[in-house]
Amino acid sequence: MAQHKVCLIRGDGIGPEITQAVLTVLEAAKVDIEWVDLEAGLACVERGLPIVPEESIQKLAELGVGLKAPLTTPIGKGSVSPNVTLRKRLDLYACVRPVRSLRGLPTLFPGTDLVIFRENTEDVYGQVEYMATPTVAYTLKIITEGGCERICRAAFEYARANGRRRVTAVHKANIMKIADGLFLRTFQRVAAEYPDIEANDRIVDAQCMHLVTRWTEYDVLVTENLYGDILSDLCAGMVGGLGVAPGANMGTKCALFEAVHGSAPDIAGQNRANPTALLLSATQMLAHLGEHRAKADIEGALEATLERGVKTTDLGGDATTSAFAEAIASELRA
Amino acid sequence: MPRAMGGERGLELCGVDVFVWSAKTPELPTEVGPFRLELISNRGTRVFPPPTPDIDLCDWPRARYLANEAIADQDVDWLLARLTQAGWIWTKSQKLYRKDGADLFSHPY
């Protein structure tokens, strides 16, 4: 019996080819995983099924861990986002985005190494919107003490477990004194329970400036949904873009590891897509499973491959998806 | 029957969202006068009618009542009074309008 049993969603568009690339690398790293393929995505819709069938949701809840390639949200009235469906149904309240500059991938921000904890379930993302009059629209920003507490606690627990020294709360409590004030007060209350971890806070606009001027000063950032959405892509851009940006959506019962980018249907099936983001999501998953050595080995092989100039076209190289994966696998076998 | 305010501007009053202070998903009346309980959401996620996702709930669910027929502002006042009389503590309400057949309010997941 395999040491780990993990759900696998191969995705739409470029999903299947980057998934195959990741499996090639993980096999070369000799990680003992039994993959359980789950149905989700456009193929389900075409067969008249929900975009994420109930059996897939139940299997994820049962096994508690999954790797997911990008899924496409069908266009049209009443269409449902598969990603949002999974987050809602599994209560994946923490979006965890590690951001690290890679050797072999030059950036204006060398030495970047931080992790963003974005609250995933509230703030202005509840789709509670109204036209109060024909000329006035408003969106409710819902912030709850419980929602703040669990994301802050997740950030501190992560910091403690991963040798991180500082957690920074990012907010706009100087303007939204009640909603963001609740977030900040809750952060400070939770922080008091972790005296071994330094805690501070930044106003979100100042945080953005600091990220491009003093990026090495930051370690773990914890923030609300909207600020986290924006900061995550800003930080991804700092280290090479969405093609190298891994992520995870985590709850108390399940953790789903997934690339941040979309399914890129325009290049699907052309063996051109960059599998790095999904590969780094997979290494994030390996750490979650306690496979720290395999994580380090794969990330080392990835960086060695990039340093040799083997890159996909989006990073300025000419390697195909499969050739790039095989190059990383060769590094691991060497 | 009085007309709904806003009618002269082409708005059709079609219901009301009521935010209730309740630790659990409230067992609100599903039919009240001209209204039917369309849904209850919690932090934007639909929790009624079933299936109810296994999510962390806050104590501020939103109930959406839609009208089965033409209604006036007084009907909304009446509905809110009925909920108060039944012991529900509602802390916010928002009238729901349509214009040219289009909803001027969002729908939850």
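Guide: Let's begin with a term: helices (H or I, at least four residues) and strands (E, at least two) are DSSP runs, numbered from the N terminus. This is a predicted model, in which local features need pLDDT of at least 70 and side-chain atom pairs count only at pLDDT 80 or more, while totals for chains, interfaces and linings use all residues. Residues are numbered from 1 along each chain as its sequence is written, and chains are lettered from A and ligands numbered from 1 in the order in which they are written.

A residue is buried if 20 or more other C-beta atoms (placed from the backbone) lie within 10 Å of its own, exposed if 12 or fewer do, and partly exposed in between. Just after helix 4 comes A:D91, with a positive phi of about 50°.

Now for the meeting of the two chains. Residues are in contact if their C-beta atoms, placed from the backbone, lie within 7 Å. Chain A brings 18 residues to the contact, and chain B brings 20. On the side of chain A that touches chain B, helix 4 and strand 6 (129-133) are the elements that give two or more residues. That side divides into 8 nonpolar residues, 5 polar and 5 charged; here Ala, Val, Leu, Ile, Met, Phe, Trp, Tyr, Cys and Pro count as nonpolar, Asp, Glu, Lys and Arg as charged, and the others, Gly among them, as polar. On chain B, B:C58 sits in the loop between strand 4 and strand 5 (62-67). B:C58 is partly exposed, with 18 other C-beta atoms within 10 Å. Leaving out residues up to four places away in sequence, B:C58 touches A:T144 and A:G146 as well as B:N42 and B:R43.

Let's step back to chain A as a whole. Chain A has 11 helices and 12 strands. Buried residues make up 50% of its 334 residues. Among contacts in chain A between residues at least 6 apart in sequence, 75% join residues at least 24 apart. The C-alpha atoms of chain A fill a box of roughly 55 × 50 × 40 Å along the principal axes.

Finally, the core. A nonpolar core is a set of buried Ala, Val, Leu, Ile, Met, Phe, Trp, Tyr and Cys residues joined through C-beta atoms within 7 Å. The largest one has 98 residues, and A:V25, A:F117, A:A155, A:V220 and A:V222 have the most contacts inside it. Helix 5 (residues 145-161) of chain A gives the most to this core, 8 residues. Domain 1 (1-93 + 245-334) and domain 2 (108-238) of chain A both contribute residues, so the core lies between them; these bounds come from an automatic or database domain assignment. A:V220 is buried, with 23 other C-beta atoms within 10 Å. A:V220 and A:R164 lie 56 residues apart in sequence, and their C-alpha atoms are 7.3 Å apart in space.

How values were computed
Two residues are in contact if their C-beta atoms, placed from the backbone, lie within 7 Å.
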